[in-house]
Amino acid sequence: MEEGVLRERATAFRLRADAGEATLLDAALEVARCGGRPEHARATVEAGLDRLAGLARRRLAPSAGLSAAAENFCAALREDGGLAGDPARWNERDGSFVDRVLETGHGLPIALAVVQVEVARRLALDAEGVDFPGHFLLRLRRPGEAGEALVDPFAVRPLDRDDCTALLRRVEGPQARTMPGHFSATTPLRLFLRMCTNLKQRAAATGDPLEALAWSAALLGAEPALVLEHRDRALLLERIGDYGAAARELAALEEGVAEPGLRDRVRRRRQALEAQARAGRIVH
(Lines give C-alpha, C1' and ligand atoms only; values in the text may rest on other atoms or scores of the structure.)
Protein backbone atom coordinates (compact mmCIF):
# COMPACT_ATOMS: atom_id res chain seq x y z
CA MET A 1 0.00 0.00 0.00
CA GLU A 2 1.31 3.47 -0.85
CA GLU A 3 2.76 5.60 1.93
CA GLY A 4 0.18 8.35 1.48
CA VAL A 5 -2.70 5.88 1.76
CA LEU A 6 -1.20 4.28 4.86
CA ARG A 7 -0.71 7.65 6.50
CA GLU A 8 -4.34 8.61 5.79
CA ARG A 9 -5.64 5.31 7.14
CA ALA A 10 -3.54 5.64 10.27
CA THR A 11 -4.74 9.21 10.82
CA ALA A 12 -8.36 8.11 10.45
CA PHE A 13 -7.75 5.32 12.97
CA ARG A 14 -6.18 7.78 15.43
CA LEU A 15 -9.30 9.95 15.28
CA ARG A 16 -11.49 6.91 15.97
CA ALA A 17 -9.28 5.85 18.87
CA ASP A 18 -9.20 9.35 20.35
CA ALA A 19 -13.00 9.41 20.21
CA GLY A 20 -13.19 6.10 22.10
CA GLU A 21 -14.64 4.32 19.07
CA ALA A 22 -11.95 1.65 18.63
CA THR A 23 -11.07 -1.58 20.41
CA LEU A 24 -7.84 -3.56 20.49
CA LEU A 25 -9.32 -5.83 17.83
CA ASP A 26 -10.10 -2.80 15.67
CA ALA A 27 -6.47 -1.72 16.01
CA ALA A 28 -5.13 -5.14 15.07
CA LEU A 29 -7.46 -5.42 12.09
CA GLU A 30 -6.41 -1.97 10.88
CA VAL A 31 -2.77 -3.05 11.02
CA ALA A 32 -3.67 -6.15 9.01
CA ARG A 33 -5.47 -4.03 6.40
CA CYS A 34 -2.48 -1.69 6.18
CA GLY A 35 -0.39 -4.80 5.55
CA GLY A 36 -2.54 -5.82 2.60
CA ARG A 37 -4.78 -8.34 4.30
CA PRO A 38 -8.37 -8.61 3.00
CA GLU A 39 -10.82 -5.86 3.88
CA HIS A 40 -13.49 -8.46 4.69
CA ALA A 41 -11.33 -10.29 7.24
CA ARG A 42 -13.36 -9.20 10.27
CA ALA A 43 -16.19 -11.71 9.81
CA THR A 44 -13.68 -14.55 9.49
CA VAL A 45 -11.79 -13.32 12.53
CA GLU A 46 -14.95 -13.06 14.63
CA ALA A 47 -15.88 -16.64 13.66
CA GLY A 48 -12.43 -17.85 14.66
CA LEU A 49 -12.68 -16.09 18.01
CA ASP A 50 -16.12 -17.61 18.64
CA ARG A 51 -14.71 -21.07 17.89
CA LEU A 52 -11.86 -20.66 20.38
CA ALA A 53 -14.27 -19.33 23.01
CA GLY A 54 -16.43 -22.40 22.56
CA LEU A 55 -13.42 -24.65 23.15
CA ALA A 56 -12.34 -22.71 26.24
CA ARG A 57 -15.82 -22.60 27.72
CA ARG A 58 -15.79 -26.38 28.15
CA ARG A 59 -12.87 -26.13 30.56
CA LEU A 60 -13.99 -23.17 32.65
CA ALA A 61 -15.94 -24.13 35.75
CA PRO A 62 -18.07 -21.21 36.99
CA SER A 63 -17.08 -21.92 40.60
CA ALA A 64 -13.33 -22.00 39.93
CA GLY A 65 -11.16 -19.20 41.29
CA LEU A 66 -9.27 -16.84 39.05
CA SER A 67 -5.99 -18.77 39.22
CA ALA A 68 -7.67 -22.01 38.12
CA ALA A 69 -9.68 -20.15 35.49
CA ALA A 70 -6.49 -18.67 34.03
CA GLU A 71 -4.80 -22.08 33.95
CA ASN A 72 -7.79 -23.68 32.23
CA PHE A 73 -8.19 -20.77 29.83
CA CYS A 74 -4.57 -21.11 28.72
CA ALA A 75 -4.73 -24.90 28.49
CA ALA A 76 -7.83 -24.74 26.33
CA LEU A 77 -6.31 -22.28 23.88
CA ARG A 78 -2.96 -24.06 23.78
CA GLU A 79 -4.06 -27.69 23.76
CA ASP A 80 -7.54 -27.59 22.24
CA GLY A 81 -7.25 -24.49 20.06
CA GLY A 82 -3.67 -24.97 18.85
CA LEU A 83 -2.80 -21.37 19.73
CA ALA A 84 0.83 -20.87 20.71
CA GLY A 85 3.90 -18.91 19.79
CA ASP A 86 6.64 -20.59 17.79
CA PRO A 87 10.15 -19.14 18.28
CA ALA A 88 11.18 -20.47 14.86
CA ARG A 89 8.50 -18.27 13.26
CA TRP A 90 9.20 -15.11 15.28
CA ASN A 91 10.26 -13.06 12.26
CA GLU A 92 7.36 -14.02 10.00
CA ARG A 93 5.44 -11.01 8.73
CA ASP A 94 2.12 -12.84 9.12
CA GLY A 95 2.73 -13.15 12.85
CA SER A 96 1.56 -9.54 13.23
CA PHE A 97 -1.73 -10.01 11.38
CA VAL A 98 -4.57 -11.23 13.57
CA ASP A 99 -6.43 -13.01 10.76
CA ARG A 100 -3.34 -15.04 9.89
CA VAL A 101 -2.71 -15.77 13.57
CA LEU A 102 -6.13 -17.38 13.77
CA GLU A 103 -5.46 -19.38 10.60
CA THR A 104 -2.02 -20.67 11.64
CA GLY A 105 -2.22 -20.59 15.45
CA HIS A 106 1.10 -18.75 15.60
CA GLY A 107 2.12 -15.12 15.94
CA LEU A 108 3.94 -12.48 17.92
CA PRO A 109 2.91 -11.98 21.56
CA ILE A 110 1.03 -8.78 20.76
CA ALA A 111 -1.14 -10.35 18.05
CA LEU A 112 -1.71 -13.49 20.13
CA ALA A 113 -2.73 -11.26 23.04
CA VAL A 114 -5.41 -9.54 20.97
CA VAL A 115 -6.89 -12.94 20.14
CA GLN A 116 -6.77 -13.99 23.79
CA VAL A 117 -8.33 -10.73 25.01
CA GLU A 118 -11.25 -11.21 22.65
CA VAL A 119 -11.72 -14.86 23.61
CA ALA A 120 -11.61 -13.99 27.32
CA ARG A 121 -14.26 -11.34 26.91
CA ARG A 122 -16.53 -13.88 25.26
CA LEU A 123 -16.17 -15.91 28.46
CA ALA A 124 -17.15 -13.02 30.78
CA LEU A 125 -13.56 -12.47 31.91
CA ASP A 126 -12.21 -8.93 32.12
CA ALA A 127 -9.14 -8.88 29.89
CA GLU A 128 -6.69 -6.25 28.72
CA GLY A 129 -3.37 -6.08 26.94
CA VAL A 130 -0.32 -5.06 28.97
CA ASP A 131 2.44 -2.91 27.45
CA PHE A 132 5.25 -4.87 29.08
CA PRO A 133 8.70 -3.96 27.67
CA GLY A 134 9.82 -6.24 24.88
CA HIS A 135 7.12 -8.87 25.39
CA PHE A 136 3.44 -7.98 25.35
CA LEU A 137 1.33 -9.58 28.10
CA LEU A 138 -2.31 -10.25 28.94
CA ARG A 139 -4.11 -9.49 32.22
CA LEU A 140 -7.22 -11.38 33.33
CA ARG A 141 -9.68 -10.49 36.07
CA ARG A 142 -13.09 -11.79 37.11
CA PRO A 143 -15.89 -9.25 37.57
CA GLY A 144 -16.57 -8.73 41.24
CA GLU A 145 -13.45 -10.58 42.40
CA ALA A 146 -10.20 -9.23 43.77
CA GLY A 147 -6.88 -10.06 42.18
CA GLU A 148 -5.56 -10.54 38.68
CA ALA A 149 -3.73 -13.12 36.60
CA LEU A 150 -0.98 -12.27 34.13
CA VAL A 151 -0.57 -14.43 31.05
CA ASP A 152 2.27 -14.82 28.59
CA PRO A 153 0.32 -14.87 25.30
CA PHE A 154 3.25 -16.41 23.43
CA ALA A 155 3.74 -19.41 25.73
CA VAL A 156 0.01 -19.28 26.58
CA ARG A 157 0.55 -19.81 30.30
CA PRO A 158 0.02 -17.81 33.49
CA LEU A 159 2.97 -15.86 34.89
CA ASP A 160 4.07 -14.82 38.35
CA ARG A 161 6.21 -11.77 39.08
CA ASP A 162 9.43 -13.81 38.97
CA ASP A 163 8.50 -14.91 35.44
CA CYS A 164 7.94 -11.26 34.51
CA THR A 165 11.33 -10.29 35.89
CA ALA A 166 12.95 -13.02 33.78
CA LEU A 167 11.19 -11.72 30.67
CA LEU A 168 12.34 -8.18 31.40
CA ARG A 169 15.95 -9.25 31.91
CA ARG A 170 16.02 -10.83 28.46
CA VAL A 171 15.45 -7.32 27.08
CA GLU A 172 17.11 -4.98 29.59
CA GLY A 173 19.88 -7.07 31.15
CA PRO A 174 20.46 -9.10 34.32
CA GLN A 175 20.03 -6.19 36.74
CA ALA A 176 16.58 -5.11 35.49
CA ARG A 177 13.72 -4.94 37.98
CA THR A 178 10.04 -4.75 37.20
CA MET A 179 8.21 -1.57 38.13
CA PRO A 180 4.49 -0.71 38.25
CA GLY A 181 4.74 1.23 35.00
CA HIS A 182 5.77 -1.93 33.17
CA PHE A 183 2.28 -3.32 33.73
CA SER A 184 0.23 -0.50 32.24
CA ALA A 185 -2.83 -1.48 30.24
CA THR A 186 -2.50 -0.65 26.57
CA THR A 187 -4.92 1.39 24.48
CA PRO A 188 -6.03 0.76 20.90
CA LEU A 189 -3.78 3.56 19.62
CA ARG A 190 -0.75 2.36 21.56
CA LEU A 191 -1.32 -1.17 20.32
CA PHE A 192 -1.55 0.10 16.72
CA LEU A 193 1.73 2.00 17.15
CA ARG A 194 3.52 -0.97 18.72
CA MET A 195 2.39 -3.35 15.98
CA CYS A 196 3.42 -0.93 13.23
CA THR A 197 6.79 -0.44 14.91
CA ASN A 198 7.32 -4.21 14.99
CA LEU A 199 6.56 -4.43 11.27
CA LYS A 200 8.79 -1.45 10.43
CA GLN A 201 11.70 -2.91 12.36
CA ARG A 202 11.22 -6.32 10.78
CA ALA A 203 11.18 -4.84 7.26
CA ALA A 204 14.32 -2.79 7.93
CA ALA A 205 16.14 -5.78 9.40
CA THR A 206 15.20 -8.08 6.50
CA GLY A 207 16.35 -5.65 3.82
CA ASP A 208 13.08 -4.12 2.67
CA PRO A 209 13.49 -0.35 3.18
CA LEU A 210 10.44 0.49 1.06
CA GLU A 211 8.15 -1.55 3.31
CA ALA A 212 9.84 -0.06 6.36
CA LEU A 213 9.13 3.43 4.98
CA ALA A 214 5.48 2.49 4.45
CA TRP A 215 5.09 1.40 8.08
CA SER A 216 6.93 4.54 9.15
CA ALA A 217 4.34 6.59 7.27
CA ALA A 218 1.60 4.77 9.19
CA LEU A 219 3.35 5.59 12.47
CA LEU A 220 3.49 9.29 11.62
CA GLY A 221 -0.14 9.26 10.56
CA ALA A 222 -1.14 7.71 13.87
CA GLU A 223 1.19 9.87 15.98
CA PRO A 224 2.62 12.98 14.27
CA ALA A 225 4.64 13.82 17.41
CA LEU A 226 7.03 10.92 16.76
CA VAL A 227 9.81 13.32 15.74
CA LEU A 228 12.56 10.69 15.74
CA GLU A 229 10.64 8.80 13.06
CA HIS A 230 12.08 11.38 10.62
CA ARG A 231 15.57 10.23 11.59
CA ASP A 232 14.68 6.62 10.78
CA ARG A 233 13.09 7.67 7.51
CA ALA A 234 16.20 9.64 6.54
CA LEU A 235 18.38 6.58 7.16
CA LEU A 236 16.09 4.37 5.08
CA LEU A 237 15.93 6.87 2.24
CA GLU A 238 19.70 7.27 2.28
CA ARG A 239 19.98 3.50 2.03
CA ILE A 240 18.05 3.50 -1.26
CA GLY A 241 19.95 6.53 -2.60
CA ASP A 242 17.18 9.12 -2.36
CA TYR A 243 19.35 11.80 -0.80
CA GLY A 244 16.98 14.68 -1.49
CA ALA A 245 14.09 12.98 0.31
CA ALA A 246 16.44 11.99 3.15
CA ALA A 247 17.47 15.65 3.50
CA ARG A 248 13.82 16.70 3.71
CA GLU A 249 13.24 14.22 6.51
CA LEU A 250 16.21 15.65 8.38
CA ALA A 251 14.78 19.14 7.89
CA ALA A 252 11.62 17.95 9.67
CA LEU A 253 13.77 16.40 12.40
CA GLU A 254 15.74 19.63 12.74
CA GLU A 255 12.52 21.55 13.36
CA GLY A 256 11.36 19.08 15.97
CA VAL A 257 14.42 18.73 18.21
CA ALA A 258 15.11 21.21 20.98
CA GLU A 259 18.69 20.41 22.04
CA PRO A 260 21.01 22.84 20.22
CA GLY A 261 23.92 20.42 19.80
CA LEU A 262 21.71 17.75 18.29
CA ARG A 263 20.05 20.30 16.02
CA ASP A 264 23.47 21.39 14.76
CA ARG A 265 24.47 17.81 13.98
CA VAL A 266 21.21 17.21 12.15
CA ARG A 267 21.67 20.42 10.16
CA ARG A 268 25.20 19.47 9.10
CA ARG A 269 24.03 16.04 7.97
CA ARG A 270 21.09 17.58 6.12
CA GLN A 271 23.39 19.96 4.29
CA ALA A 272 25.70 17.08 3.32
CA LEU A 273 22.77 15.12 1.92
CA GLU A 274 21.52 18.14 0.00
CA ALA A 275 24.97 18.51 -1.54
CA GLN A 276 25.01 14.81 -2.40
CA ALA A 277 21.59 15.14 -4.03
CA ARG A 278 22.77 18.11 -6.11
CA ALA A 279 25.92 16.29 -7.17
CA GLY A 280 23.91 13.36 -8.44
CA ARG A 281 21.45 15.47 -10.43
CA ILE A 282 21.75 15.20 -14.21
CA VAL A 283 21.33 18.52 -16.04
CA HIS A 284 20.51 18.49 -19.77
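**Ground rules**

I number residues from 1 along each chain as its sequence is written, and I leave out hydrogens and water, using heavy atoms for side-chain values. Since the model is predicted, local features need pLDDT of at least 70 and side-chain atom pairs count only at pLDDT 80 or more, while totals for chains, interfaces and linings use all residues.

**Pockets**

I looked up the pockets on a 1 Å grid over the protein atoms alone; a pocket is an open set of points where a 1.4 Å probe fits, with protein on both sides within 12 Å along at least five of seven lines, and its lining residues have an atom within 4 Å of a point. I take a volume as the space filled by probe spheres set on the points, which are joined across faces, edges and corners.

The largest pocket has a volume of about 290 Å³. I find 15 residues in its lining, with W90, L108, P109, G134 and N198 nearest the centre. Helix 6 (109-122) and helix 8 (188-205) are the elements that give two or more residues to this lining. Helix 8 gives the most, with five residues. Helices here are DSSP runs (H or I, at least four residues) and strands likewise (E, at least two), numbered from the N terminus. By class I note six nonpolar, six polar and three charged residues in the lining of the largest pocket. Nonpolar covers Ala, Val, Leu, Ile, Met, Phe, Trp, Tyr, Cys and Pro; charged covers Asp, Glu, Lys and Arg; the others, Gly among them, are polar.

The second largest pocket holds about 160 Å³ of space. Its lining includes L66, S67, A70, E71, E148 and R161. Two or more residues each come from helix 4 (66-80), strand 3 (149-152) and strand 4 (157-159). Helix 4 gives the most to this lining, with four residues. I note six nonpolar, one polar and three charged residues there.

**Salt bridges**

I searched the whole structure and found 35 salt bridges, each a side-chain nitrogen of Lys or Arg within 4 Å of a carboxyl oxygen of Asp or Glu. For accessibility I use relative accessible area (1.4 Å probe, protein chains only): buried is under 20%, exposed over 50%, partly exposed in between.

E46 bridges to R122, with the closest N and O atoms 2.4 Å apart. This pair links helix 3 (residues 41-57) to helix 6, across 76 residues. E46 is partly exposed at 23%, and R122 is partly exposed at 23%.

R139 and E148 meet at 3.9 Å, N to O.

E229 and K200 form a salt bridge with the closest N and O atoms 2.8 Å apart. E229 lies in helix 10 (residues 229-239) and K200 in helix 8, 29 residues apart. E229 is buried at 7%, and K200 is buried at 8%.

I looked up an open sheet of four strands, in the order 1-2-3-4 with antiparallel pairing; two strands pair if DSSP finds at least two bridges between them. Strand 1 (126-130) and strand 4 are the edge strands, each pairing on one side only. Strand 1 pairs with strand 2 (residues 137-141) over five bridges in the antiparallel sense. A127 stands opposite L140 in strand 2.
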